[in-house]
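Here is a quick tour of one model, taken sheet by helix. Have the structure open and follow along.

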Amino acid sequence: MRLTPYDKLTGFGSVDDAPNLSAAFRRCFGSYRIRANGIAHHAVIGGEGPPLLLLSGWPQSWFMWRYLMLRLAREYKVIAVDPRGVGLSDIPADGYDSETLSADLLALMSELGHDRFAMAGHDIGMWTGWAIAADAPDRIARIALGEALIPGTMPSPPLISDDRRPSDRLWHFNFNRAYEINEALVVGREDIYFGHQFSSKAGHPDAVPGYARDYYVELLRRIPGALKASFDYYRAIDQSIPQNRRRMTAKLDMPVLGFAGALSIGKRIEQQLTPLANNVTVLVIDDCGHYPAEEQPEQLLSGFVEFFRPWRDE
């Protein structure tokens, strides 16, 4: 794959300006601006081998995969993309439903020349990853999905439960889904709101490094429209639920790895994925909360290396 036709991105949000990356990482990976499905995407690309697409979760960016990327790049063409509304990708006014996001990323991979690829998605990246695999099953060799419940595919937790713990973990869904008031409350207090998300959902309050949390918050604070777009993913649940229910008429046949932190979703990842896929393997990561790629990267990397090996060997 030749990347010369694509603009190289520098500055804040790109590989060049991201914190605490090694010189070897910056030599291997570059930030590129790639137009697909009518918008420009920021994709961090490096390595050699069959293509492996990485999708981040909320409120993160491509940067969440940094601990895994250099090792994976020994065997794969790694493509860690910021989807619409995230980081240096375009921030359109709409299109945050699962159908549009799926179309975006399938078009991105086509633009890069990859008719078939493997992929991994975390959190809302799992929502989109499953949608991609369901919409274009012939294009996905195998897929790892982790740390999310996909709206519309299983009964929702009760709004007011006897056990307060589900509310403590999930209250942000309804807060993020609201219109306007959430932005008004969070603007100028991004570090408080998103800092709480990281400290309360990780296995330990400081499990996601402070420099990474600061970086994610600064992306949301500094880039115009980024905060609104981060909430628009949840507002679009209204559209994504019926789209997802239509997808449930057929189960995935490709191999699926479900990964989760033992201190977060844990074994419930299997309950989420087995109604949606026929060939599910589960990896529950010890001493880990909602952010395995940053809390326990070696455990997740080991699982990925083993799971994706047949794709490398095809």
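## The sheet and its edges

Two strands pair if DSSP finds at least two bridges between them. With that in hand, look at G261 in this predicted model: G261 stands opposite I285 in β9. Strands β8 and β9 run parallel to one another and are joined by six bridges.

Zoom out and you'll find nine strands making up an open sheet with mixed pairing. Reading across, the order goes β1-β2-β3-β5-β4-β6-β7-β8-β9. The edge places go to β1 (7-8) and β9 (280-285); each has a single partner strand, so one side of each is left without a neighbour in the sheet. At the β1 end, the pairing with β2 (residues 30-36) is antiparallel and rests on two bridges. D7 has R33 in β2 as its bridge partner.

## Helices on the sheet

Helix α3 (residues 98-111) packs on the sheet and touches β2, β3 (39-46), β4 (51-55), β5 (77-82) and β6 (117-122). The direction of α3 makes about 110° with that of β2. Helix α4 also packs on the sheet, where it touches β4, β6 and β7 (140-146). Compare directions and α4 makes about 155° with β7.

## Strand β8, on the inside

Is β8 buried or exposed? Six of the six residues of this strand (residues 256-261) are buried, so β8 is largely enclosed by the rest of the structure. V256, G258 and A260 point one way, while L257, F259 and G261 point the other way, and all are buried.

On the β7 side, β7 and β8 run parallel and are joined by four bridges. L145 is the residue standing opposite G258 in β8.

## Where α3 meets α4

How do you describe a pair of packed helices? For α3 and α4, the angle is about 75° and the axes are 9 Å apart. That makes α3 roughly perpendicular to α4, because angles of 65 to 115 degrees count that way. From α3, the contact uses S98, L101, S102, L105 and L106; from α4, it uses T128, A131, I132 and D135. Sorted by class, this contact has five nonpolar, three polar and one charged residues.

T128 is worth a click of its own. This residue sits in helix α4, and at 7% relative accessibility it counts as buried, because the cut-off for buried is under 20%. Leaving aside residues up to four places away in sequence, T128 touches L55, L101, S102 and L105.

## Where α4 meets α10

The axes of α4 (residues 124-135) and α10 (residues 237-247) come within 11 Å and cross at roughly 40°. That makes α4 oblique to α10, and their crossing is left-handed.

Which residues of α4 and α10 meet here? On the α4 side you have W127, W130, A131, A134 and D135; on the α10 side, the residues are I237, N244 and R247. By class, the α4 contact with α10 has five nonpolar, one polar and two charged residues. A131 and D135 turn up in the contact with α10 and in the one with α3.

Conventions. Residues are numbered from 1 along each chain as its sequence is written. This is a predicted model: local features need pLDDT of at least 70, side-chain atom pairs count only at pLDDT 80 or more; totals for chains, interfaces and linings use all residues. Side-chain values use heavy atoms; hydrogens and water are left out. Axes are lines fitted to C-alpha atoms, for helices over the stretch in contact, and angles run from 0 to 180 degrees between N-to-C directions. Angles under 35 degrees count as roughly parallel, over 145 as roughly antiparallel, 65 to 115 as roughly perpendicular and the rest as oblique. A crossing is left-handed if the near helix is turned anticlockwise from the far one by less than a right angle, and right-handed if clockwise. Contact means heavy atoms within 4.5 Å. Ala, Val, Leu, Ile, Met, Phe, Trp, Tyr, Cys and Pro count as nonpolar, Asp, Glu, Lys and Arg as charged, and the others, Gly among them, as polar. Buried means under 20% relative accessible area, exposed over 50%, partly exposed in between (1.4 Å probe, protein chains only).
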